[in-house]
Amino acid sequence: YQKSDFPFSDQIVQNLKKIFHLNTFRLCQEGVINAAMDRRDIVCVMPTGGGKSLTYQLPAVMGNGLTVVISPLLALIWDQVRALKEIGIECVMMTGATSTSEQNEIYERMKAGATRYQKEIRLCYVTPEKVSKSKRLISTLEKVNEAGRLNEAHCCSQLGHDFRPDYKKLSMLKTLFPRVPIQAVTATLSSKTLPDLLKILRLGPITDGSSAKTTGTVFFSAPLFRPNLHYKVLSKPSNAKSAIAAMGDWIQKNHQDQSGIIYCLSKKDAETVAEELREWSGGNIKTGIYHAGVEDYEKERIHVRWREGKVNCICATIAFGLGIDKGDVRYMSKSLEGYYQETGRAGRDGQDSDCVLFYRGQDAARLSSLTYGDVDGSSKLQEMLRFAQDLKTCRKVAFAKYFSASAHLSASAWDAPDALSSSTGTTSTCGICDNCMRSPESIITKDVTVESWKIMKIAQFVQSEGGRVTLANLSDLVRGLGGGLFGVVGGGEGKKGKRRLNGEKERVDLEALGGKITLSKDDTEALLIHLVLLGYLADSYHATAYSVNVYIIASDTAVRLTR
Ligand code: ADP
Ligand code: ZN
């Protein structure tokens, strides 16, 4: 199917240009589309931002009839439906938010097909829940199928979204519609999860795509690492003003007048960063704000302004992803998965792009409150911190290691077009990330044994007094700031034999514990994070239990001794 002399090749290239206004295929797109046109069952693994959607959209508009796209991600559904409508393709979506009257209309249109009055729906996007719960959807699809107009079904899964739980009920598709081809597209699939996928979707055994004559499911994969993405971590000054200046400087030096996205931690951050960057640059950096709280019409407007170049730097929370073709700026992310996914939005045109993580140890304290409630949140956050603090490991190697552990993805999947190789394999270094480019001599090291020892003494004291401190509190405390005060948790008896209240303050006698440390604020924060990562200090999470009379903000990180 990869050969360009495949019977459909001319036709698909024509449509690629005419309908999608693109010139050439990427990665394994052409093979997948050829196989889809040949009505084969397909499994396709491509990185985020690799161009998976074209592999089902193009066949969908070329064939006759209806194509059903099943995706668990509403944002993805939204993005794609909007983008398709913009290029004049008839498509609809049906989610939990679709009103009954809209649904009625969609069902009628599906059944009717093309009429004198309206065009045929070519793509219908639905969530897996809709397929498993809506009898009406299934019975409508049955009618469409009887009329010979059910084209294909596509099941998409994103990184972090396993095929297993969401997709269990999709097994009925092959049973109900044995002759309708199924195409499964995903960014994560390993030799371990492939059998599950085949079983759930009731697909036949894998065959390779080299011959069009074989039977079974055709498998395609592309390397997960995109060599046009340059990963780097830059340190963010602790002072908010200097942080903006550092970011602004970097943008203007490296990407003057180019487009970028800055992912921020909260809506409020997105707003502040947008405003301050604009001010700092005297309007040269044309910022826009995009997050879940922005009204739909305003989102619309930002899209238009972004495309017209009137806005070139979008400050967003993760919700932003609509129709973005270029992005070259990065900020802070909660987990390596999030980082990989968000950066997938950069350089979609194949051009070199920077994926920058502006990082500061102190962010960890805020991030940890964001991960509260997420069971693996804390270890995911630690992985992110480890990544950020690492000055030696190639970023691609770090991703490969992380994903081979968390998503059981073979490390070699990052290079080799064979995500199925069962060996854990290895991956080569990328040669273009900050750590690959850094000379070992440029790394400044400092012996902080004494400082660490002092920190441990102080932390131990705080713990023995039943105190709780956040990373920021502890940083102040060890540097002799904040009057040496820390808050205690209520209960138990204090020094004077008095029952203590939540948030009551206790003082640390620094001189008795070896004296304060003289590192800068930034260095102290970095050292504290380092001690957490090494396991000398542990962070734990406290929420509502201390919401009365709290001294320490409830969901913040408390740092204490592990032993
Ligand atoms: P994925 O679903 O794999 O994360 P998408 O399908 O959303 O990625 O595609 C990412 C971007 O790449 C889109 O902006 C799309 O327009 C663009 N794209 C896809 N295929 C091509 C191609 N052959 N040439 C140029 N751009 C492409
Ligand atoms: Zn590298």
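User: How many residues does helix α7 have, and what span does helix α7 reach from its first C-alpha to its last?

Analyst: Good place to start, and keep in mind that this is a predicted model. Helix α7 covers residues 135–146. At 1.5 Å a residue, a span of 16 Å is expected, and the helix comes close to that. So the answer is twelve residues and a reach of 16 Å.

User: Which residues of α7 are buried, and where do they fall when seen down the axis?

Analyst: The buried residues of α7 are Leu 137, Thr 140, Leu 141 and Val 144. In an α-helix, residues three or four places apart point the same way, because there are 3.6 residues a turn. Seen down the axis of α7, its buried residues fall within an arc of 100 degrees, so they line one face of the helix.

User: And which residues are exposed on the other side of α7?

Analyst: The buried residues of this helix include Leu 137 and Val 144. Turn to the other side of α7 and the exposed residues there are Lys 135, Ser 139 and Glu 146.

User: Is Leu 201 buried or exposed, and why?

Analyst: Leu 201 sits in the loop between α10 (194–200) and β7 (206–207). A residue needs 20 or more other C-beta atoms within 10 Å to be called buried. Leu 201 has 21 such neighbours inside 10 Å, so it counts as buried.

User: Which residues is Leu 201 in contact with, leaving aside its neighbours within four places in sequence?

Analyst: Sequence distance and distance in space can be read side by side here: Gln 183 is 18 residues from Leu 201 in sequence and 9.6 Å away, C-alpha to C-alpha. With near sequence neighbours left aside, the contacts of Leu 201 are Cys 155, Leu 170, Ser 171, Lys 174, Ile 182 and Ala 184.

User: Which residues come nearest to ligand 1?

Analyst: There are 16 residues around ligand 1. This shell divides into four nonpolar, eight polar and four charged residues. Those that come nearest are Arg 26, Gly 51, Lys 52, Ser 53 and Arg 348.

Terms used:
Residues are numbered from 1 along each chain as its sequence is written. Chains are lettered from A and ligands numbered from 1 in the order in which they are written. This is a predicted model: local features need pLDDT of at least 70, side-chain atom pairs count only at pLDDT 80 or more; totals for chains, interfaces and linings use all residues. A residue is near a molecule or strand if its C-beta atom, placed from the backbone, lies within 6 Å of it. Ala, Val, Leu, Ile, Met, Phe, Trp, Tyr, Cys and Pro count as nonpolar, Asp, Glu, Lys and Arg as charged, and the others, Gly among them, as polar. Helices (H or I, at least four residues) and strands (E, at least two) are DSSP runs, numbered from the N terminus. The expected span of a helix is 1.5 Å times one less than its number of residues. A residue is buried if 20 or more other C-beta atoms lie within 10 Å of its own, exposed if 12 or fewer, and partly exposed in between; C-beta atoms are placed from the backbone. The arc is that of the directions from the helix axis to the C-beta atoms. Two residues are in contact if their C-beta atoms, placed from the backbone, lie within 7 Å.
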